[in-house]
Amino acid sequence: MSTEVQRGTLSSDIVIPKRKSILSKLWRDRYLYVLLLPGLVYFLVFKYVPMWGVLLAFKDYQPFLGFFRSPWVGLQNFQVFFENPDFLRLMRNTLILSLLNIVFFFPAPIVLALMLNEIRKSFYKRTIQTIVYLPHFMSMVIIASITYVFLTTDGGLVNQLLQQTTGHQIPFLTSEAWFRPMITLQTIWKETGWGTILFLAALAGVDTQLYEAAVIDGAGRWRQMWHVTLPAIRPVIIVLLILRMGSVLDNGFEQIYLMTNSLNRSVADVYDTYVYFVGITQGSFSYSTAVGLFKSVVGAVLIFASNWIAKKSGQGGIF
């Protein structure tokens, strides 16, 4: 009997906390949400509200009729785009540039981060980091100007050296064969240093005991990097690669536009510059919107496909 009373007393002493309402939780964390507010406003104003403009891709937009009164044409703009002879040329140019960036630029920050991680002197490491970060803060106009100064046939430093050593010059800026390597090298020089930030942060979180165990097993620096360092940062590499796949058809407007001229246009035209020339200079707003929407849809499909492949192969995805 006493045991039952004790059990009843114990059970009655248990206090079940009431579930807090959503409003009370919001009020409790109100200062955190205030900090979050500017970011939410930014995405709302500049990312979600402009999505109404996608409707132009399904209309024959007439400025004097306005956005809502312009006639609907369905998928006509997409049909015209897919039947356009420029479609395959633009696709080829865009994919080749993206493939070059994935093959040569994407591994560059990883290699540089691994090299920086091997530097033991903090002063030298920070100095090198500062130097390689600087190009990221230069605008593409400055990058294009530096490229012109070095590579122009009219007194450019590189061509002057070629003239003195080989007796002839190479028209880098107007050559179709040199356009893609030039764009890739620009991207590597400008963004490699900045791209190391995430990888260095991931390397800082690697457990040092793993290196100690590898040393005990007789592993040298190369073995430690291959069997400890790279597996530790593999999730970051996979996430960034998945995100990079989403921008396969996005090569950047400024860089391509600034380096394009009448002599290399056949290999320089990509979707970004095509949208500008067709939409802004020719006034085909609905057609250019359809081209931009096609890019976005393909990017979204590639992100989901890459994420699915990563998960099927046993790696972590982004969602």
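What is the relative accessible area of R221, and does that make R221 buried or exposed, or something in between?

A: R221 has a relative accessible area of 42%, so R221 is partly exposed (buried means under 20%, exposed over 50% and partly exposed in between, using a 1.4 Å probe and protein chains only). Before going on, keep in mind that this is a predicted model, where local features need pLDDT of at least 70 and side-chain atom pairs count only at pLDDT 80 or more, while totals for chains, interfaces and linings use all residues. Residues are numbered from 1 along each chain as its sequence is written, and side-chain values use heavy atoms, with hydrogens and water left out.

Back to R221. This residue has a salt-bridge partner, E118, and their closest N and O atoms are 2.7 Å apart (a salt bridge is a side-chain nitrogen of Lys or Arg within 4 Å of a carboxyl oxygen of Asp or Glu). R221 sits in helix α13, whereas E118 belongs to the loop between α7 (107–117) and α8 (122–133), so the pair ties together parts that are 103 residues apart in sequence (helices are DSSP runs of H or I with at least four residues, strands are runs of E with at least two, and both are numbered from the N terminus). E118 is partly exposed as well, at 32% relative accessibility. As a rule, side chains of opposite charge can pair when their charged atoms come close.

How about other pairs of this kind? The whole structure holds seven salt bridges. One of them joins D29 and R28, at 3.3 Å from N to O, and D29 is partly exposed with a relative accessible area of 24%. Another links D269 to R265, at 3.9 Å from N to O. Here D269 counts as buried at 10% relative accessibility, while R265 is partly exposed at 31%. Those two belong to a network: D86, R89, R265 and D269 are joined by salt bridges that share partners.

Now follow α13 along to V239, which is found in that helix. V239 counts as partly exposed at 26% relative accessibility. G317 is 78 residues from V239 in sequence, yet their C-alpha atoms are 6.2 Å apart in space. Leaving aside residues up to four places away in sequence, V239 touches G317 and I318 (a contact means heavy atoms within 4.5 Å).

(On a 1 Å grid over the protein atoms alone, a pocket is an open set of points with protein on both sides within 12 Å along at least five of seven lines, a cavity is a set where a 1.4 Å probe fits but cannot get out, and lining residues have an atom within 4 Å of a point.) The biggest contribution comes from α11, with nine residues. In this pocket there is about 620 Å³ of space (grid points are joined across faces, edges and corners, and a volume is the space filled by probe spheres set on the points). Its lining has 23 residues, and F105, T187, E191, R244 and S247 lie nearest the centre. They split into 10 nonpolar, eight polar and five charged (Ala, Val, Leu, Ile, Met, Phe, Trp, Tyr, Cys and Pro count as nonpolar, Asp, Glu, Lys and Arg as charged, and the others, Gly among them, as polar).

The second largest pocket has a volume of about 520 Å³. Of the 21 residues lining this pocket, V54, G292, L293, K295 and S296 lie nearest its centre. Two elements give two or more residues to that lining, α16 (271–281) and α17 (285–312), and α17 has the largest share with seven.

Last stop, a buried side chain. N159 is in helix α10 (residues 157–165) and, at 0% relative accessibility, counts as buried. The N159 side chain reaches the backbone oxygen of L151 at 2.8 Å (a polar contact is a pair of N or O atoms within 3.5 Å; within protein, one must be able to donate a hydrogen and the other to accept it, and residues adjacent in sequence count only if both atoms are side-chain atoms). Beyond residues up to four places away in sequence, N159 touches several others, including F150, T152 and F172.
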